[in-house]
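Here is a short tour for someone meeting this structure for the first time. Have a look at the sequence and the model, then read on.

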Amino acid sequence: MDRCDIAVVGAGPAGAAAAIAARRAGAGVVLLDAAAFPRDKACGDGIAPHALDVLDRLGVPSPVEGFPPVPVLRLVSPRGEVVARPADRPAYTVPRRVFDDRLVTAAVAAGAELRRHRVRQVAVRGDHVALDGVLAARVVIGADGAGSVVRRALGFPANPDGHLALAIRGYAPVPPGPTEQRIVTSGRHWPAYAWSFPVGDGTANVGYGEVLRGQPVTREHLLNRLAALMPEVDRDALVELRAHHLPLSTHRPAPGRGRVLLAGDALSLINPFTGEGIFYAVLSGSLAGAAAARLDAAAATVYADALRRRLGRHLRHSGMAARLAQRPWIVDGAVRAARADQQVFDTMLALGLGDGLLSPRTMLRIARETVHVGRRAAFSGKMRVSEDP
């Protein structure tokens, strides 16, 4: 077998960030992926400023260059409450075939060796981890996505229903109206929402996703829900339609064991409040790469401690927000509060796109607006959300 210090399985954002961090710590890295780059990846393509902060610290040059910022987010609640505000820092929409390729290029420039190889077997053997009997690494980082082989090798099953979402994504001409990221939530099949994120070239990444609840969900169902929530999107013009699973952070396995670590989607690091995963991917990847550079069996313990210090409190808050958001009228109240208060809006964005926390002030404003929504709904006799499109 070939030998290396660290093998990173999966060259998406988490894997590329892990490779860069490990190289900066002086370790040798082999970065493995089944695909040849550039390659597509089903995703909403939204890149939040919080992810760019992590990449900047890793020295990744201009990951969003050539793509215009999208400063405004419009959010529609299950009963039609609307907020449209500029964020304190804009987001970007960068197709993953471009974004991921730039990160991989940066990892190779940092000294990582990129190999095209699909990992099928992972075996821990004393002082190394064997991959398919052809590569022996002192530490392995599993950044191989929602269907992670490395995760299964550690004995962790996939996320169960209730903690796993399914979404479909395509590209279509930008709908009429202002240039903004749009999210339209749905009372039916809740939690669920459709989105439209303009790329900047006349097209938008559009899609729909919902949390799985034990019933089969078909491609046609996803497309019908997209059409119901965003009728202005020309369904006949949709191209590059692909579905993908999102393992939510409300059901995470252990970050690793001994010489084997997990990062990004493989660790179920998808924000349950928004479905965002790029920030979690690059942050967890960078922490995993730094911990793996120890090159010993304490890597998983060091990594778990680093994750807990960096994300532990945030993950508790985002999990609490996800539990509260299971009641659609609370989301109505949150949108009303965000419309009335820029600080509430910014706090909600930081919670959903980065590592923000729910402040007492924000929770109080949302509670007040939720009471108002409840009273109005009770008065009008429209407590049910089944009338949603």
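## Aromatic rings

Rings of Phe, Tyr and Trp (its six-membered ring) pair if their centres lie within 6.5 Å; planes under 30 degrees apart count as stacked, over 60 as edge-to-face and the rest as tilted. Y193, W195 and F197 make up one aromatic cluster. Searching the whole structure turns up three aromatic pairs. In the pair of F279 and Y280, the ring centres are 6.0 Å apart and the planes sit at 45°, so this pair is tilted.

How buried are those two? F279 has 1% relative accessibility, so F279 counts as buried, and Y280, at 0%, is buried too. (Buried means under 20% relative accessible area, exposed over 50%, partly exposed in between, with a 1.4 Å probe and protein chains only.)

## About the model

This is a predicted model, where local features need pLDDT of at least 70, side-chain atom pairs count only at pLDDT 80 or more, and totals for chains, interfaces and linings use all residues. Residues are numbered from 1 along each chain as its sequence is written, and side-chain values use heavy atoms, with hydrogens and water left out.

## The nonpolar cores

A nonpolar core is a set of buried Ala, Val, Leu, Ile, Met, Phe, Trp, Tyr and Cys residues joined through side-chain atoms within 4.5 Å. The largest one has 79 residues, and I6, L131, I141, L261 and Y303 touch the most other members. Helix α6 (residues 278–292) is the top contributor to this core, giving ten residues. Helices (H or I, at least four residues) and strands (E, at least two) are DSSP runs, numbered from the N terminus. Apart from that core lies another of 24 residues, including L73, A167, F197 and A334.

What does Y303 contact, leaving aside neighbours within four places in sequence? Among its partners are P255, L261, L287 and A288, where contact means heavy atoms within 4.5 Å. A306 belongs to helix α7 (residues 299–324), and at 14% relative accessibility A306 counts as buried.

## The sheet

Now for the strands. An open sheet of eight strands runs in the order β3-β5-β4-β11-β12-β13-β10-β14, with mixed pairing; two strands pair if DSSP finds at least two bridges between them. At the edges are β3 (46–47) and β14 (239–247), each pairing on one side only.

Strand β10 (residues 164–173) runs antiparallel to β14, joined by seven bridges. There, A165 stands opposite L246 in β14.
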